[in-house]
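Here's a quick tour of a protein model from the inside out. Have the viewer open while you read.

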Amino acid sequence: MKPPKTLDTIIGYHAHIYFKDAAERTVAETLRAQIGERFRVQLGRWHDRLVGPHARPMYQVAFEVHQFAAFVPWLMINRAALTILVHPDTRHPRQDPLVNALWFGEVLPILNVERLPVSTVGQPDATLAPNTTPTLAA
Ligand code: ZN
């Protein structure tokens, strides 16, 4: 049997915050503002149309490994019934949202799997550029 992967395989995380209609989008706007006030993360663009493997409109929050222990529990108790996918970045873009996923709420399908690269090992890693200025404690 192969040994288990080690934690240093994970170079960062994404949370994908989904919304299915205008009402949920409003909730997602509030959550986004609350995240930005409390966590130094990279808030991604709004995707009101389907993009990539995502089966519902969403925005992405990229965050660093050391933030998981604070940010993910905060999301658990503040997600306001939104469906959220949290996945690691292990340089395996196909496996990360499909196999290494943590879902809050519904489990949505991952679309266009065949278009996701199996591995980006050896390629430059995306740089995490935080764009929030937290002023409140989580
Ligand atoms: Zn992602």
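The notes below go through the metal site, the nonpolar cores and the ring contacts.

## The zinc site

Keep in mind that this is a predicted model. Three histidines coordinate the zinc ion: His 14 through ND1, His 16 through NE2 and His 87 through NE2, at 2.0 to 2.1 Å. Written along the sequence, the donor spacing reads H-x1-H-x70-H. That pattern brings distant parts of the chain together, with His 16 sitting in strand β1 and His 87 in strand β4, 71 residues apart.

Are His 16 and His 87 buried or exposed? His 16 has 3% relative accessibility, so it counts as buried. His 87 comes in at 7%, so it is buried too. The side chains of these two histidines also make a polar contact with each other, at 3.2 Å. Skipping neighbours within four places in sequence, His 87 touches Gly 12, Tyr 13, His 14, His 16, Asp 96, Pro 97, Asn 100 and Ala 101.

## The nonpolar cores

The largest nonpolar core is made of 22 residues. Those with the most contacts inside this core are Ala 15, Ile 17, Leu 31, Ile 35, Val 61, Phe 71 and Leu 75. Two or more residues each come from β1 (12-18), α1 (22-38), β3 (58-63), α2 (68-78) and β4 (84-89). Helix α2 gives the largest share, with 4 residues.

Leaving out neighbours within four places in sequence, Leu 75 is in contact with Ala 15, Ile 17, Leu 31, Ile 35, Ile 84, Val 86 and Phe 104.

## Ring against ring

The aromatic pairs come to 8. One of them joins Tyr 13 and Phe 68, with 4.7 Å between centres and 45° between planes, and it is tilted. Tyr 13 belongs to strand β1 and Phe 68 to helix α2, so this pair ties together parts 55 residues apart in sequence.

What about Tyr 18 and Trp 103? Their ring centres are 5.9 Å apart and the planes meet at 20°, so the pair is stacked. With Tyr 18 in strand β1 and Trp 103 in strand β5 (residues 102-104), the pair ties together parts that are 85 residues apart in sequence. Tyr 18 is buried, with a relative accessible area of 1%, and Trp 103 also counts as buried, at 18%.

Ring pairs also build a cluster out of Tyr 13, Phe 39, Phe 63, Phe 68, Phe 71 and Trp 74. Two of those names have come up already: Phe 71 among the residues with the most contacts inside the largest core, and Tyr 13 among the contacts of His 87.

## Arginines over rings

Two arginines are worth a look as well. The charged end of Arg 25 sits over the Trp 46 ring, 4.0 Å from the ring's centre. Arg 32 lies over the face of Tyr 59, at 4.8 Å from the ring centre.

Definitions and conventions. Residues numbered from 1 in each chain as written. Predicted model: local features only at pLDDT ≥ 70, side-chain atom pairs only at ≥ 80, totals over all residues. Heavy atoms only, no water. Core = buried A, V, L, I, M, F, W, Y, C linked by side-chain atoms within 4.5 Å. Buried < 20%, exposed > 50% of the residue type's maximum accessible area, 1.4 Å probe, protein only. Contact = heavy atoms within 4.5 Å. Donors = N, O, S within 2.8 Å, 3.2 Å for Na, K, Ca; no water. Polar contact = N/O pair within 3.5 Å; in protein donor to acceptor, adjacent residues only side chain to side chain. Phe/Tyr/Trp six-rings, centres within 6.5 Å; stacked < 30°, edge-to-face > 60°. Lys NZ or Arg CZ within 6 Å of the ring centre and 35° of its normal.
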